[in-house]
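Hi,

Here is the structure I promised to pass on. Have a look at it first, and my notes follow below.

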Amino acid sequence: MPTVHNNGTTVYYEVHGEGSPILFVHGSGGHHAAWYQQVVALRDQHTVVTIDLRGFGNSDKDETYDSQNFPGDIVAVIEDADLTDVVLLGQSIGAAAALKAALRVPDRIRGVILAHSLGGIDDPEITPLVKADRAEAEKLPVIDRLLTTAFRENEAAKTFLFTQMGTFNKARMQDLRNLASDGPSIQTVAAAPFGVAFLAGEKDAVLSPATVTKAHELVEGSLLEIVPGAPHSMYWERPDLFNAAVKKLVDELEGN
C-alpha cells in the first residue's frame with residue numbers, strides 16, 4: 001500500500017474501489033482499519049481512501065507529535081493519490097484535520113462531512129456549547145462516551161476489538177489537544193467553495209445534537225443528518241445507519 005512524506009514524516013494510506021472518491025479520516029482511537037465496515041460497503045461505487053495520521057497505525061510514530069501537522073498529512077495523501085472532487089469525512093478529532101485540509105486545497109474538494117464533530121470551527125455562539133458538552137462527557141468513563149451499554153453487552157467481541165484498535169497507535173489524546181486551535185470561523189467555512197455537512201448521532205455523549213444543529217444553522221447552505229439512536233462511534237456500532245447517512249450526504253454534496 002502507498003505511503004507519502006509530509007514534513008519529514010511517512011504517512012500511510014490505502015485506496016480501495018472505483019468511483020467518486022471519499023477519504024476517511026479517523027478519530028483519536030482509530031486508524032485506517034477502523035473503517036473496515038465502510039470500505040466494504042462503499043468500494044463498489046466509490047474510490048474509498050483511508051489514512052493513518054502521523055502517530056497512528058502504519059504511519060511514522062515519533063516521540064512527540066504536533067497535531068497541527070495532521071491537515072498537511074491529509075493534503076499530502078490527496079495530492080499523492082491525485083484525488084479531485086473528493087469528499088473528506090472526518091470522525092471526531094479527525095474532522096478538525098479534514099476541514100483544515102479542505103481549506104488548504106479547496107480546488108480538489110467536493111465537500112466535507114464533519115462526523116460527530118464541528119471540525120474545530122471557532123465561533124462565539126457555538127464554542128461555549130462544545131465546551132459544555134465536553135465537560136459533561138468527561139464525567140463519564142471513556143467507553144461510555146463512545147458506545148452504548150446495549151452494544152457492549154450484546155457485542156462483546158466487537159467491543160473488545162474496538163478497545164484494541166488504539167493499541168496500534170502511539171499518539172494519545174494529550175498529543176492532540178491543540179488540533180482545534182486556530183479553527184476557522186463560521187464565515188470562512190460558509191464562504192468555502194465546497195459543501196459542508198454535519199453528521200451526528202442522537203445518542204452522542206460527546207457532542208449533543210442541539211450543538212450540531214446550532215452549527216448547521218449558522219453555516220449557511222450546510223447539510224445536516226442526525227441519526228436516531230446512534231452513539232458517538234456510530235461508524236463502528238451502527239455501520240448500517242452510518243453508511244446510509246454517508247451515502248445520502250455524499251450524493252447531496254455531489255449534487256451541489
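**Helix packing and a few local details**

The crossing of α2 and α3 is right-handed. Keep in mind that this is a predicted model. Helix α2 (residues 70–80) packs on helix α3 (residues 93–104) at an angle of about 55°, and their axes are 8 Å apart. The two helices are therefore oblique to each other. On the α2 side, the contact is made by F70, P71, G72, I74 and V75, which meet A97, A98, K100, A101 and R104 of α3. Sorted by type, the residues of this contact are seven nonpolar, one polar and two charged.

Next, α9 (residues 209–218), whose buried residues are T211, V212 and A215. These sit on the same side of α9, because they cover an arc of only 100° around the axis. What covers them includes α4 (127–137), β7 (195–201) and β8 (223–227). On the face of α9 turned away from the buried side you'll find the exposed residues A210 and E217.

Then there are two backbone spots to check. Most residues other than glycine have a negative phi. D85, however, has a positive phi, near 50°. D85 lies in the loop between α2 and β5 (86–91) and is partly exposed, with a relative accessible area of 38%. S92 also has a positive phi, near 55°, and is found in the loop between β5 and α3. Is S92 buried or exposed? S92 is buried, at a relative accessible area of 17%, where the cut-off for buried is under 20%.

Cheers

Definitions and conventions:
Residues numbered from 1 in each chain as written. Predicted model: local features only at pLDDT ≥ 70, side-chain atom pairs only at ≥ 80, totals over all residues. Heavy atoms only, no water. Buried < 20%, exposed > 50% of the residue type's maximum accessible area, 1.4 Å probe, protein only. Helix = DSSP H or I, 4+ residues; strand = E, 2+ residues; numbered from the N terminus. Arc of directions from axis to C-beta. Contact = heavy atoms within 4.5 Å. Axes fitted to C-alpha atoms, helices over the stretch in contact; angles between N-to-C directions. Parallel < 35°, antiparallel > 145°, perpendicular 65-115°, else oblique. Left-handed = near helix turned anticlockwise from the far one by under 90°. Nonpolar A, V, L, I, M, F, W, Y, C, P; charged D, E, K, R; others polar.
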